[in-house]
Amino acid sequence: FVSTRKPFTAMKSEGLRAAMKTIGNRAKITTRVYPHKMRKTLGMELRNRGVDIGTIGEILGHAGTDVTKEYYAQSNPDTLRYVRQRHAA
């Protein structure tokens with residue numbers, strides 16, 4: 001990401017966090033918004049759509065599936081329902 005002010009250098013992590021906070025406030029998001037939350041949300045969204053753990057780990061750049069399983073192996077009723085419907089068709 002590039003900063004919005006001259007000299008248009010690479011945005012530092014503090015700038016990215018501030019930009020995300022501003023976007024979250026404008027969107028009236030009541031929870032805390034931060035870069036890693038985007039990663040976690042992507043991982044959970046993929047899991048909820050029935051993507052297998054190995055693929056999620058590759059997308060998120062995990063070195064092994066152990067890390068991915070630790071965070072995304074839990075299933076909720078919506079995930080299970082979606083997977084059953086998808087594979088029953």
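**The whole chain.** Keep in mind that this is a predicted model. Switch to a cartoon view and trace the chain from the N terminus: the elements run α-α-α-α-α, which gives five helices and zero strands. Now colour by burial if your viewer can do that: of the 89 residues, 16% count as buried. As for contacts between residues with a separation of 6 or more, 32% of them link residues 24 or more positions apart.

**Two helices.** Next, select residues 53-60, which form helix α3, and residues 65-72, which form helix α4. How do α3 and α4 lie relative to each other? Their axes are 9 Å apart and meet at an angle of about 105°. Angles from 65 to 115 degrees count as roughly perpendicular, so that is how α3 and α4 are described.

Show the side chains here. On the α3 side, pick I53, G54, I56, G57 and L60; they meet T65, T68, K69 and Y72 of α4. Sorted by class, the residues of this contact are four nonpolar, four polar and one charged.

**The largest pocket.** What classes of residue make up the lining of the largest pocket? Two are nonpolar, three polar and two charged.

Technical notes
Residues are numbered from 1 along each chain as its sequence is written. This is a predicted model: local features need pLDDT of at least 70, side-chain atom pairs count only at pLDDT 80 or more; totals for chains, interfaces and linings use all residues. Side-chain values use heavy atoms; hydrogens and water are left out. Axes are lines fitted to C-alpha atoms, for helices over the stretch in contact, and angles run from 0 to 180 degrees between N-to-C directions. Helices (H or I, at least four residues) and strands (E, at least two) are DSSP runs, numbered from the N terminus. Angles under 35 degrees count as roughly parallel, over 145 as roughly antiparallel, 65 to 115 as roughly perpendicular and the rest as oblique. Contact means heavy atoms within 4.5 Å. Ala, Val, Leu, Ile, Met, Phe, Trp, Tyr, Cys and Pro count as nonpolar, Asp, Glu, Lys and Arg as charged, and the others, Gly among them, as polar. Buried means under 20% relative accessible area, exposed over 50%, partly exposed in between (1.4 Å probe, protein chains only).
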